[in-house]
Amino acid sequence: MDQRGGDPRLEDLGRGNWAYLQPDGSWGYSNAGLVSDGEACLLVDTLFDLAHTERMLSRLRDACPAARAIGTVVNTHANGDHCYGNQLLPDAHVIASAASAEEMAELPPSALAALMQNADAFGAAGAFFRSCFAPFDFNGIELAPPDETFSGTLELTVGGKRVRLVEVGPAHTRGDVLVELPDDGVVYTGDILFIEGTPIMWEGPVQNWIDACDRLIGLQADVIVPGHGPLTDQRGVAAVRDYLCWVRDEARARYEAGLGVRDAIHDMGYGRFGHWRDRERLAVNVTTLYREFGDPAESAGALELFGLMAELSGSGEPMA
């Protein structure tokens with residue numbers, strides 16, 4: 001059992017579709033999915049390190065024998081908790097959006113391993129970073145990049161099953177992709193959805209993310225597999241959309257009132273979303289929104305953002 005959550009669950013969604021769900025859905029504990037038809041299999045995302053990915057693959061192979069020969073992997077976006085396990089499927093065809101493939105190359109696993117090793121040198125930001133990612137081992141991971149990229153949409157078949165890849169980023173990251181199974185009523189959303197946890201907007205613009213939620217609502221899917229958290233339905237999508245609209249409007253009001261980013265973050269509170277996990281991600285969301293609004297201040301780097309989140313979480317010293 002991992003230190004933050006319980007044991008992963010493998011959910012049979014019917015018609016050869018599966019969801020691998022990692023409690024508690026917090027930092028790094030992402031979900032994945034398997035789409036199968038006959039002997040053909042497509043995996044939606046790998047996990048954050050080799051041990052977690054290997055455990056997932058073992059569970060999938062036990063439940064679905066065809067998963068012993070996964071032919072295709074789709075990475076929904078560039079964050080490592082959705083692609084760092086690719087190397088364990090060396091014979092698979094790996095697909096991602098072109099924007100995601102470019103972004104993946106910018107933060108190799110070795111960089112995260114080095115940050116974890118040297119976290120003490122970065123004060124509260126480093127301590128918070130280490131606390132977020134302590135359950136994962138980034139040593140020895142060699143990222144297997146996509147061998148096919150696309151922009152817009154891409155239609156695939158898995159056996160006789162239709163699969164539609166739809167690029168909705170930039171939003172959470174630069175190249176977020178939804179994996180839709182139009183005939184099965186199932187959609188895998190990647191990190192367009194965080195359920196019972198606070199979304200984090202590394203990239204924006206926020207309207208793209210809101211539009212992606214509207215698309216999900218319009219699909220009327222029977223089963224929605226989020227990037228983090230439990231399976232959901234239209235109500236879960238609407239809650240994420242409501243959060244994005246709330247944080248946009250509250251940040252805009254403070255931007256127009258002349259508050260700086262840090263003052264805006266501390267002034268906003270969490271609205272009706274304060275019970276969600278990882279609420280300190282508000283710091284990243286407001287910083288990204290201020291950049292979108294035209295804030296002339298220099299963009300915050302990753303360590304500065306983790307320092308601001310540490311402060312919000314109560315684990316860091318107030319920033320000057």
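This is a predicted model: local features need pLDDT of at least 70, side-chain atom pairs count only at pLDDT 80 or more; totals for chains, interfaces and linings use all residues.
Residues are numbered from 1 along each chain as its sequence is written, and side-chain values use heavy atoms, with hydrogens and water left out.

**Cysteines**

A disulfide is a covalent bond between the sulfur atoms of two cysteines. Here it is counted as a pair of cysteine sulfur atoms within 2.5 Å. Searching the whole structure gives 0 disulfides. Cys-213 has its closest cysteine sulfur in Cys-245, 8.4 Å away, again too far for a bond.

**Burial**

Buried means under 20% relative accessible area, exposed means over 50%, and partly exposed lies in between (1.4 Å probe, protein chains only).

| Residue | Relative accessible area | Class |
|---|---|---|
| Cys-83 | 0% | buried |
| Cys-213 | 0% | buried |
| His-82 | 0% | buried |
| Arg-215 | 33% | partly exposed |

Helices (H or I, at least four residues) and strands (E, at least two) are DSSP runs, numbered from the N terminus. His-82 sits in the loop between β5 (72–74) and β6 (93–97). Contact means heavy atoms within 4.5 Å. Leaving aside residues up to four places away in sequence, His-82 touches a set of residues including Asp-45, His-77, Asp-191 and His-228. Ser-30, Asn-31 and Gly-227 are also among them.

Arg-215 belongs to helix α5 (residues 206–219). With residues up to four places away in sequence not counted, Arg-215 touches Arg-164, Val-166, Leu-178 and Glu-180. Leu-178 is 37 residues from Arg-215 along the chain, and their C-alpha atoms are separated by 9.9 Å.

**Helices α7 and α9**

Axes are lines fitted to C-alpha atoms, for helices over the stretch in contact, and angles run from 0 to 180 degrees between N-to-C directions. The axes of α7 (residues 261–268) and α9 (residues 302–313) come within 11 Å and cross at roughly 30°. That makes α7 roughly parallel to α9 (under 35 degrees; over 145 is roughly antiparallel, 65 to 115 roughly perpendicular, the rest oblique). On the α7 side, Arg-262, Ile-265 and His-266 meet Leu-308, Glu-311 and Leu-312 of α9. The residues of this contact divide into 3 nonpolar, 1 polar and 2 charged. Nonpolar covers Ala, Val, Leu, Ile, Met, Phe, Trp, Tyr, Cys and Pro; charged covers Asp, Glu, Lys and Arg; the others, Gly among them, are polar.
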